[in-house]
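Student: I have a structure open and would like to go through it piece by piece. Can we start with the core?
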Amino acid sequence: MARDAVLRVADLQTHFFTFGGARVVRAVDGVSFTLHAGETLGLVGESGSGKTTTCLSIVGLLPRAGRIVGGSVLFEGADLTRKSQRELRRIRGRRIAVILQDPMASLNPLFTIFRQVAEPAFFHQHLRGRSLRERVQSLLRAVRIPSPEWRMREYPHQMSGGMRQRIVGAIALAGGPRLVIADEPTTNLDVTIQAQYLDLLKDIQRETGVALIFVTHNLGIVAKMCDRVAVMYAGKLVEQAPVRELFDAPKHPYTRALLGSMPKLGSKEPLYSIRGHPPNLASLPSGCSFHPRCPDVMPRCMTEEPRDFRPGDGSVARCWLLDDVLTRS
Amino acid sequence: MSSPVLEVRALKKYFPARRRLFGGAATWVKAVDGVDITVHAGETLGLIGESGCGKTTTSKLILLQETPTAGTISFEGRDIASLQGSDLMAYRRAVQVVFQDPFSSLSPRMRVGDIIAEPLEIHTDLARAAIDERVGTVLELVGLAPDVAPLFPHEFSGGQRQRIAIARALVTDTRLIVLDEPVSALDVSVRAQIITQLEELQRALGVSYLFIGHDLATVAHISHRIAVMYLGKIVETAASDALCARPMHPYTQALFAAALPSHPDDRTETKAITGEVPSALSLPSGCRFHPRCPSAMPVCSQIEPVLRPRDGGGEVACHLYD
Amino acid sequence: MATIPANTRLAARRTASGWLGALVKAAREAPLMAVIILGGLVLVALLADLIAPYDPTLPVKGAEMFVPPFWMEGGSVATPLGTDFQGRDILSRLIYGARVSLVVGLMGTLVAGGIGTAMGILSGYVGGWVDQIIMRVTDAWLALPAIVFAIFLAAMVGPSMWNIIVILGAVYWTRYARVIRGEVLTLRERDFVKLAEIAGASKLRVIKKHILPNVMNTATVLASLTVGVVIIAEASLSFLGVGVPPPQPAWGLMLSEARPTLMAGQWWLTVFPGACILLIVLATQLFGDWLRVRLDPQTRNL
């Protein structure tokens, strides 16, 4: 792709230090990916896989115990891991926007919709009076809020869940971001409202060319929304591929298992169940972290950690199976 | 199809929304408004709908957590409203429930064995040894080792907790389990385990399920028949395959359109239906779906459609098929 | 996602090593001090007959009235903390007084906790008009000044230690009822309670097996924080002459009896019982605070 990368994450490592540094939890361990303008990356994983920590590392919102110990986050050419909190604050909300799962947590119940949507335009673009009102209305129209001139005088509690999540979207768009990170934004929404919201995000992306990171555990959302997919397991990226390659020819057994365990509409085929449950990051299995649950486990998986393999179709996977496949062919 | 286990007829549940100063309620929330469903022996009926459609109220009525405003619920041929004494206890033994959140459904201060044994302690006077044996049996049924009985719930993961909840539901001579979104709170890789386990248990024990959910793919996978609910009413019922092959009610079609694709090639460019579920306080006239319906006709805002037999079996309530 | 609460917990742990560290450390060591004070007092109360040098109700033979503590001029080692206006040994009276304070404090709390927990559970779990009545009664109770109410009751039934216990229990149960009721209201909505009801468990069984075990933490913490309040109330009642009747030695009564001489320079009559009250209340509060932190499931795993 000739376009410039909006975001280039290289070998990102974020650890949590507990008990005064006596215990180290490798929440994110060597994550790399690149995101171009107008592209959507799906960051897939189960709870505790490190997908949320990866996003928090990018925007510099890690909790106190967490620290980026290695790698770089290049956003528009500048390394965000070297920026001060002050500089990051300027970037967040303007160049990078974040949409979280619970819209109520992102909205202040005491302020009107107008005040909350107007804030970035007021402080960053110094709009006042009528031009400010028009800007807010156009933002609300962009997220398909009906009759924005009335709605903007209301308070968050007067709106439905879907409507609130749109408001959060409007605030995210207010600064004209190049990158939007959406962390499971539709988990609390009903199916038809979820579909509306996903359609809306796609429309906005088409109009503005914003790059999107979609954090989710739902492969259906990935199939609907994403161009590329990165699958995380126990803090590591186990597979990364263009969305069609991932669904057609998953390389990592974990990806295969995830796809097999997803019920398909109108199919009664038995679901594939992965045995066991996700590991505790504080005490990971030796070798490949997935080996105790892996259906294709080999002796070397228990001792040696697999490296990245590139089978040539644009995908990257961390699995010893590929080593054999590659050497044989 | 075998004999019906559960038959719900014209079930209604109205909640008072605003009360007058004196006397009765001024407005009613019609949470459940004339619902008919049937669950046969050894069958799974999926009840699907969005939040506020009344599916949870329906399950509460079946579980005797609420009393119906009108209508009947019969279990194995007997109206459960008339059950008393030992008959009532027999019903409570035969019908169990598994809730969505496995962290809330197991008491943090009880041992797993005691949690599972509770229905037995309530309903039988079995000796401790017999209870322990039965607990061990159901633990094995759901794929856990019998020696986990003395542990406390916090030592288990979400999926294991849900297995414990299922074990408890099976410990008596259960014939019907209400599954209220039993996998929604679980990790994806664990969901398939639980679904598969439930399917296996049904094959082995012949127990019936009422599976309540909002995810079409999951409900369609586990259910033999599906009932689609919208604003307190069943709008369409059909065998799972028939419904997936040809959803007829515009709301069912909208649910299918909104369902997430299982492959990037299945992406549809059809737009999701607009609008949101209206408040149950002020129901639309005529067909409740008509304000959001893409094929609404003048008649839809005047006359409420009734369930009629549809092609391929089942029933649909829509003027398009009059 | 599950990682978020875990992370914030880790974060909380980190700050503890900073400026909060000293505070947290102090709180951790507090029970040691509290346990030493409380344990000492319990021991003294139990062994009062053995360790008290004199009968607390009778004047010390051969000793005068208002003998000062031994280190002062005119003091005597025979009566190390001095004697009171009747020539009774202050130390012996303090030692026996510990009995009264502890018995009234613990029993009064037990009575208040028993009534309050029962009422709170009844109110929260049964609901409806039962809830209405109990809550209106607690409203009325809370509107009355506790001490005035206690004086009124004490004046009606007459002063005795056991009456005081019942009276203080009857005065202080309302705070339990309110807190426990709130707890029960959230418990009632938990799925495991619903599951028990659906399985056909009787109300009594649900209360016994599911509600009570889950409110015991709260009740225990509340109890440890109430003991001090009850002890002060007992001292106040005794001070006002409607508590433990003389000549029984109670700290509050000692204060009361010493009041006329407060300005006359015989400070040891008031300072020692006052210090004892301060010490025991402080110790119970510290212990209660520590217990609250320990039993709080949010912080227990740190």
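Student: Which residues touch the most other members of the largest nonpolar core?
Tutor: This is a predicted model. The largest nonpolar core has 264 residues, and those touching the most other members are V117(A), F214(A), L210(B), V228(B) and L168(C).

Student: Take V228(B). What is V228(B) in contact with, leaving aside its neighbours within four places in sequence?
Tutor: Its contacts in chain B include I48(B) and G49(B), then I234(B), V235(B) and E236(B). H249(B), Y251(B), T252(B) and L255(B) are in contact with V228(B) as well.

Student: And L210(B), what stands opposite that one?
Tutor: L210(B) is in β8(B), and V178(B) stands opposite it. V178(B) belongs to β7(B), where it points the same way as L176(B) and D180(B).

Student: Which residues of β7(B) point the other way, and are they buried or exposed?
Tutor: I177(B) and L179(B) point the other way, and they are buried too.

Student: Which strands pair with β7(B), and in which sense, parallel or antiparallel?
Tutor: Strand β6 of chain B, residues 95–98, pairs with β7(B) in the parallel sense over 4 bridges. There, V95(B) stands opposite L176(B). Strand β8 of chain B, residues 208–213, also runs parallel to β7(B), and 5 bridges join the two.

Student: What unit do β7(B) and β8(B) make with a helix?
Tutor: With helix α6 of chain B, residues 188–205, they make a right-handed β-α-β unit.

Student: Switching to chain A. How many helices and strands?
Tutor: Chain A has 13 helices and 12 strands. Its radius of gyration is 21 Å, close to the 20 Å that the globule rule gives for 329 residues, so chain A is as compact as a globular protein of that length. Its C-alpha atoms fill a box of roughly 70 × 50 × 40 Å along the principal axes.

Student: How much of chain A is buried?
Tutor: Buried residues are 48% of the 329 in chain A. Among the chain A contacts with a separation of 6 or more, 64% are between residues 24 or more positions apart.

Student: Now the sheets. What is the strand order in the open sheet of 8 strands?
Tutor: In chain A the order is β6-β7-β8-β3-β9-β10-β12-β11, with mixed pairing. β6 (96–99) and β11 (308–309) of chain A each have a single partner strand, so one side of each is left without a neighbour in the sheet.

Student: How do β9 and β10 of chain A pair?
Tutor: β9(A), residues 228–233, and β10(A), residues 236–242, are antiparallel over 6 bridges. V231(A) has E239(A) in β10(A) as its bridge partner.

Student: And the open sheet of 4 strands, what is its order?
Tutor: That one runs β2-β1-β4-β5 in chain A, with antiparallel pairing. Its edge strands, β2 (23–36) and β5 (78–79) of chain A, pair on one side only.

Student: How many bridges join β4(A) to β5(A)?
Tutor: There are 2 bridges between β5(A) and β4(A), residues 66–75. The bridge partner of L74(A) is D79(A) in β5(A).

Student: Last one, chain C. How many residues of helix α10 are buried?
Tutor: Helix α10 of chain C, residues 251–258, is mostly covered, with 8 of its 8 residues buried. Among them are W251(C), L253(C), M254(C) and E257(C).

Notes. Residues numbered from 1 in each chain as written. Chains lettered and ligands numbered in written order. Predicted model: local features only at pLDDT ≥ 70, side-chain atom pairs only at ≥ 80, totals over all residues. Core = buried A, V, L, I, M, F, W, Y, C linked by C-beta atoms within 7 Å. Buried ≥ 20, exposed ≤ 12 C-beta atoms within 10 Å, placed from the backbone. Contact = placed C-beta atoms within 7 Å. Rg over C-alpha atoms; globule rule 2.2 N^0.38 Å. Pairing = 2+ DSSP bridges. Right-handed = clockwise from strand over helix to strand, strands pointing away.
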